[in-house]
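Please look over the sequence and the fold shown here before reading on.

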Amino acid sequence: MDRKVLVATVVIAILVLSLVITPSLAVKPPGVVERLDDEIRSHVTVILRVYKNGELVREKVGDPVTDTWIKAILSTFFLLYRQGLSFTCTDGTTKNWVYSDAAGEKTKGILAIGTDQSPASTSDYKLYATYMRYTLDSTNYLIQDNANWINVTISHTFIVNEAVNIAEAGLILQSGDGKQVLVCRDSFTPVSLNPDDGITIEYNFNIRKDPPFTEYFWGVIINVFLGYRGSTGSYWHNHKFLTYNSGRGQTVINSHKLQWAYVLSDEPWSPTPTLASTSSIRNIDLSLVSWSVENQSFNLHIRLDELDQNMYEAYGIAIYTYVCTGIDSYNWAVYSTYLVAYIRYPNPPITANRYTYHIIDLGVNFNV
């Protein structure tokens, strides 16, 4: 089964095709390197189903989520717009982050169908011959959640008024500023329709709750980058992530921070961990981020430095986001810290001190 990642992360997501976390010491202890690329690849499976008048006529497993959507998540969630990462909108313009407005328009999902038969590619940023579009509301989303999986089903039925052959479908994210980003596009053997026929497009995002990403991270993907909150008016599990906010003459744009800490207690991983003991939460210093682009791919290199004299017996790394979550009664921005990922060492603990640093490498090949 071909699996795709929602985010090019850690997106994280939402898609990171390779994430390697390597604590480096003057003398590197055994068992400290943990590869997470296989887990990330297998976190999300996307399935497209096409129904004609209620009968299943097409099915594709392993939908090609677009590079531009991956870049939108990376740029927004992981602040990589500060490193120059941008993404292409459906109108051909470029942006640096996705707006999710607290008071005005939220991100919304759009389903579209078209007539072009060009093969789908991860480099697609629009449908090639759009025939009909529909802005999704609460009736178009179904989220099923259990201990191991989150299933997000997005669907809509289009009724045509003429004879037409539908050969492509896509899911689009509309940002709070009205710009649109293609999440995924599929082409298939044309479905012939007559006047008053109905064609149903159904996308299913099947997310596996495995390390390292917490439920909060996937909640942000669902609420913001799949448009759930803007279409229903509510946050799934109250996982908030507002990247644009205005109040009392103040505008806060994407002012959240990435943070991290050592985990000092021996605790199992879970999608909603409560870490009993951690070191001081520190910002990820973007001045320590190196960025390179070569042959349509990039590598992000983040160094996490301990700045104090303390020595720790560490069981893993916790990564947080400090993010705007709303406006209080005085119209000032409200911020909270949320756990994004819990990366547990394979053979803990290790001794960490001011000379210990961790390297996070995100390698993403956009196959363009």
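Asp 196 sits in the loop that links β12 (180-193) to β13. In this predicted model, Asp 196 has a positive phi of about 75 degrees, although it is not a glycine. Is Asp 196 buried or exposed? Its relative accessibility is 64%, so it counts as exposed. His 237 belongs to the loop between α4 (228-232) and β14 (244-247). With a relative accessible area of 40%, His 237 is partly exposed.

Two other loops contain a cis peptide bond. Pro 212 is placed in the loop between β13 (198-208) and α3. Another cis bond joins Pro 348 and Pro 349, and here omega is about 0 degrees. The loop that holds Pro 349 runs between β22 (333-344) and β23 (350-352).

How many of the residues of α3 are buried? The count is 11 of 11, so α3 is largely enclosed by the rest of the structure. The buried residues include Tyr 216, Phe 217, Trp 218 and Phe 225, and also Glu 215 and Asn 223. Just after the helix, Gly 227 takes a positive phi of about 80 degrees.

Helix α2 is mostly covered as well, with 10 of its 11 residues buried. Among the buried residues of α2 are Asp 67, Trp 69, Ile 73 and Phe 77. Just after α2 comes Leu 79, with a positive phi of about 60 degrees.

These two helices can now be taken as a pair. Two packed helices are described by the angle between their axes and the distance between the axes. For α2 (residues 67-77) and α3, the axes come within 12 Å and cross at roughly 115 degrees. The crossing is right-handed. Which residues meet there? From α2 they are Trp 69, Ala 72, Ile 73, Thr 76 and Phe 77, and from α3 they are Phe 217, Val 220, Ile 221 and Phe 225. Sorted by class, this contact has eight nonpolar residues, one polar residue and no charged residues.

The next topic is the interior. In soluble globular proteins, nonpolar side chains tend to be buried together. The largest nonpolar core in this model has 74 residues. The members that touch the most other members are Trp 69, Leu 171, Ile 199, Ile 201, Tyr 203, Phe 205 and Phe 225. The largest share of this core, eight residues, comes from helix α3 (residues 215-225). There is also a second, separate core of eight residues, which includes Leu 275, Ala 318, Leu 339 and Tyr 342.

Tyr 342, a member of that second core, is also in contact with Ser 265. Ser 265 lies in the loop between β16 (257-263) and β17 (282-283). Its relative accessible area is 14%, so Ser 265 is buried. Leaving aside neighbours within four places in sequence, Ser 265 is in contact with Ala 276, Ser 277, Tyr 315 and Tyr 342. Ser 265 and Ser 277 are 12 residues apart along the chain, and their C-alpha atoms are separated by 5.5 Å.

Leu 142 and Tyr 228 are 86 residues apart in sequence and 9.6 Å apart in space, from C-alpha to C-alpha. Leu 142 is part of strand β9 (residues 141-145). With a relative accessible area of 46%, Leu 142 is partly exposed. If neighbours within four places in sequence are left aside, Leu 142 is in contact with Asn 151, Val 152 and Thr 153.

Cysteines are the last topic. Cys 89 has a relative accessible area of 0% and is therefore buried. Cys 184 also counts as buried, at 0% relative accessibility. How many disulfides are there? With a cut-off of 2.5 Å between cysteine sulfur atoms, the count comes to zero.

Methods:
Residues are numbered from 1 along each chain as its sequence is written. This is a predicted model: local features need pLDDT of at least 70, side-chain atom pairs count only at pLDDT 80 or more; totals for chains, interfaces and linings use all residues. Side-chain values use heavy atoms; hydrogens and water are left out. A nonpolar core is a set of buried Ala, Val, Leu, Ile, Met, Phe, Trp, Tyr and Cys residues joined through side-chain atoms within 4.5 Å. Buried means under 20% relative accessible area, exposed over 50%, partly exposed in between (1.4 Å probe, protein chains only). Helices (H or I, at least four residues) and strands (E, at least two) are DSSP runs, numbered from the N terminus. Axes are lines fitted to C-alpha atoms, for helices over the stretch in contact, and angles run from 0 to 180 degrees between N-to-C directions. A crossing is left-handed if the near helix is turned anticlockwise from the far one by less than a right angle, and right-handed if clockwise. Contact means heavy atoms within 4.5 Å. Ala, Val, Leu, Ile, Met, Phe, Trp, Tyr, Cys and Pro count as nonpolar, Asp, Glu, Lys and Arg as charged, and the others, Gly among them, as polar.
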